[in-house]
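Hi,

Here is the structure I said I would pass on. Have a look at it first, and my notes follow below.

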Amino acid sequence: MHFHTSYVRFPIPPLERITALITCSYLYKLQMVCLTPLPPCVVRQPRTGGQLEAVRRPAYLIGMADREKITLATLRGRKKSRTPISMLTAYDFPTAQIEQEAGIDCILVGDSAAQVVLGHGSTLQATMDYMIAISSAVRRGAPSVFLVGDMPYLSFHVNTEEAIRNAGRFMAEAGCDCVKIEGDHRIADTVRALTAATIPVMVHLGLRPQAVHQFGGYRAQGRDAASAQRLIDDARRMEDAGACALLLEAVPPEPAKIITESTELPVIGCGAGPHCDGQVVVLHDMLGLTAGPLPRFVKRYGEIRNRMTEAVRSYLTEVVERRYPGAEHCYQMEPGEAEKLRGSSRGQ
Ligand code: KIV
């Protein structure tokens, strides 16, 4: 029989051994072990026989003790104190670890994964199961960040019951702190229903990639006074409906400033100028991993595609030239066994 905690798995000793273990000496040992400070990469876990043993922390817990959990309250505090909120997309465990270690506040597991990870032409191909799988991987890599799960196309459009069930999966299965949904005033009832179901909702306004076919392409929104005013009105409606935050994509700075200053909600900009409470971009775009043209608001902070190409070419060259693997990459046979093997294979 095995007992599970969130992080360790260990056999339960039979009943009589449990009784025997609850002795003064056991408690003394337990206390002694617990009082010894351990580095953050090490945790204690009980072993058969009741002894606590120091073991290596699961990779996804490293760094957790060092950083406070970012919550909605943190983001509201940032808005009040005018301290910018940093947000990036991530779609896998190691990248999430890197982002948390670098100090990023929020991670968006965007449906942009359908494009930048899966190679589709739009975000419409992201599915619920895929989004849940990658969101939970990101959460394991970054337990302290504020994690936003992006509700994919058709996951909240059919009816509110489906919306609640799907949004609930992001919270319960993937460990997200909130979900993001794309829409305008027409999704106010969905925002209200999710909020009533205790699911915090970030509403994505402006350029909504899931509506690319309605927009007739990826176009900046709110560029004339009338459409900018519609965006401002939609933002107010979303706040009234209970949204916990707003995301503005591809919107000029003027309406973005009005929205940011006229709402209590944290407003994250993605190509919406410098006045928003925070900024988000697609990781692959800012790292220089995406091939081809990028939206005008993207600034490249790396040339990772070139660096990866160089590394892959070096590997290829060394394999072809038999320079890899070297002696240091080979396993050694036990002493004397290679000679025996040579002797026996000569006799065959
Ligand atoms: O899916 C995504 O990555 C997004 C960002 C572009 C904001 O929605």
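Predicted model: local features only at pLDDT ≥ 70, side-chain atom pairs only at ≥ 80, totals over all residues.

Which residues of α6 meet which residues of α7? Met128, Ile132 and Ser135 in α6 meet Asn166, Arg169 and Phe170 in α7. Helices here are DSSP runs of H or I with at least four residues, strands are runs of E with at least two, and both are numbered from the N terminus. Two residues are in contact if their C-beta atoms, placed from the backbone, lie within 7 Å. By class, the α6 contact with α7 has 3 nonpolar, 2 polar and 1 charged residues. For the classes, Ala, Val, Leu, Ile, Met, Phe, Trp, Tyr, Cys and Pro count as nonpolar, Asp, Glu, Lys and Arg as charged, and the others, Gly among them, as polar.

Residues are numbered from 1 along each chain as its sequence is written.

Back to the helix pairs. The axes of α6 (residues 128–141) and α7 (residues 160–172) come within 9 Å and cross at roughly 20 degrees, which makes α6 roughly parallel to α7. Axes are lines fitted to C-alpha atoms, for helices over the stretch in contact, with angles running from 0 to 180 degrees between N-to-C directions. Angles under 35 degrees count as roughly parallel, over 145 as roughly antiparallel, 65 to 115 as roughly perpendicular and the rest as oblique.

The crossing of α8 and α10 is right-handed. Here Ala188, Val191 and Arg192 in α8 meet Arg237, Met238 and Ala241 in α10, and by class that contact has 4 nonpolar, no polar and 2 charged residues.

For the overall picture, the protein has 14 helices and 12 strands. Of its 348 residues, 33% are buried. A residue is buried if 20 or more other C-beta atoms, placed from the backbone, lie within 10 Å of its own, exposed if 12 or fewer, and partly exposed in between.

Now the ligand. There are 13 residues around the ligand, and Thr89, Gly110, Asp111, Ser112 and Cys270 come nearest (near means a C-beta atom, placed from the backbone, within 6 Å). By class, the shell has 5 nonpolar, 5 polar and 3 charged residues.

A few backbone details to check on screen:

- Ala250 has phi near 50 degrees, a positive value in a residue other than glycine. Ala250 sits in the loop between β10 (245–249) and α11, and counts as buried because it has 21 C-beta neighbours inside 10 Å.
- Pro253 is in α11 (residues 253–262) and is partly exposed, with 14 other C-beta atoms within 10 Å. Its C-alpha is 4.6 Å from that of Gly273, 20 residues apart along the chain.
- Arg322, in the loop between α13 and α14, has a positive phi near 55 degrees. With 8 C-beta neighbours inside 10 Å, Arg322 counts as exposed.
- The Tyr324 to Pro325 peptide bond is cis, with omega near 0 degrees.

Cheers

How values were computed: Left-handed = near helix turned anticlockwise from the far one by under 90°.
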